[in-house]
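Hi there,

Here is the structure I promised to pass on to you. Have a look at it first, and then read my notes below.

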Amino acid sequence: MFLWNTTKQNKPPMFTGIIEEIGTIQNLKKLHTGIEVSVESSFAEKLTLGESVAVNGTCLTVTSVEKNSAVFFISQETLAKTNLSSLTVNSKINLERALSLSHFTEQRLSGHIVQGHVDGTGQFAGRPGSPCGCNPGRARGTTAAGYAET
């Protein structure tokens, strides 16, 4: 099996949904564009800048690492769409690092596991009769953001 490190390639990480640890909010700093949150975790020292961690199921990016804590920025949009706006100092949160394919390495899987191959590309132009025309974020059965594989 060939393993490679894709954490630096701007691909979304893959998570299993299995909580790895319960962390504790150490500090919250309100910013004009969101909040900065410091999270105590036993695996904080193993994290790298730019790495993704699922915090209460929401993918956040590590902006700095200290001895036993990691710092994340949470944007206003993320605050509006998740339960993260209810966080307070000493809140307990679910933490999960990206999936690792082997317990022998700390390399984490970043991206999606997709079976098959690409035959071509296309552009989503909307669904006929959609209540909102070509806006895939508003059409029933679609999402406002994300990836699709068909």
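**What I found**

N56 counts as partly exposed, because its relative accessibility is 23% (buried means under 20% relative accessible area, exposed over 50%, and partly exposed in between, with a 1.4 Å probe and protein chains only). Before you go further, please note that this is a predicted model, where local features need pLDDT of at least 70, side-chain atom pairs count only at pLDDT 80 or more, and totals for chains, interfaces and linings use all residues. Residues are numbered from 1 along each chain as its sequence is written, and side-chain values use heavy atoms, with hydrogens and water left out.

Back to N56: this residue sits in the loop between strand 3 (52-55) and strand 4 (58-65). Helices (H or I, at least four residues) and strands (E, at least two) are DSSP runs, numbered from the N terminus. N56 is not a glycine, yet its phi is positive, at about 50°.

N90 also has a positive phi, of about 80°, without being a glycine. You will find N90 in the loop between helix 1 (76-81) and strand 6 (92-97). N90 is exposed, because its relative accessible area is 57%.

Next, look at T33, in the loop between strand 1 (21-31) and strand 2 (34-40). Which residues does T33 contact, leaving aside its neighbours within four places in sequence? They are F73, I74, S75 and Q76, where contact means heavy atoms within 4.5 Å. T33 and S75 are 42 residues apart in sequence, and their C-alpha atoms are 6.0 Å apart in space.

Enjoy exploring!
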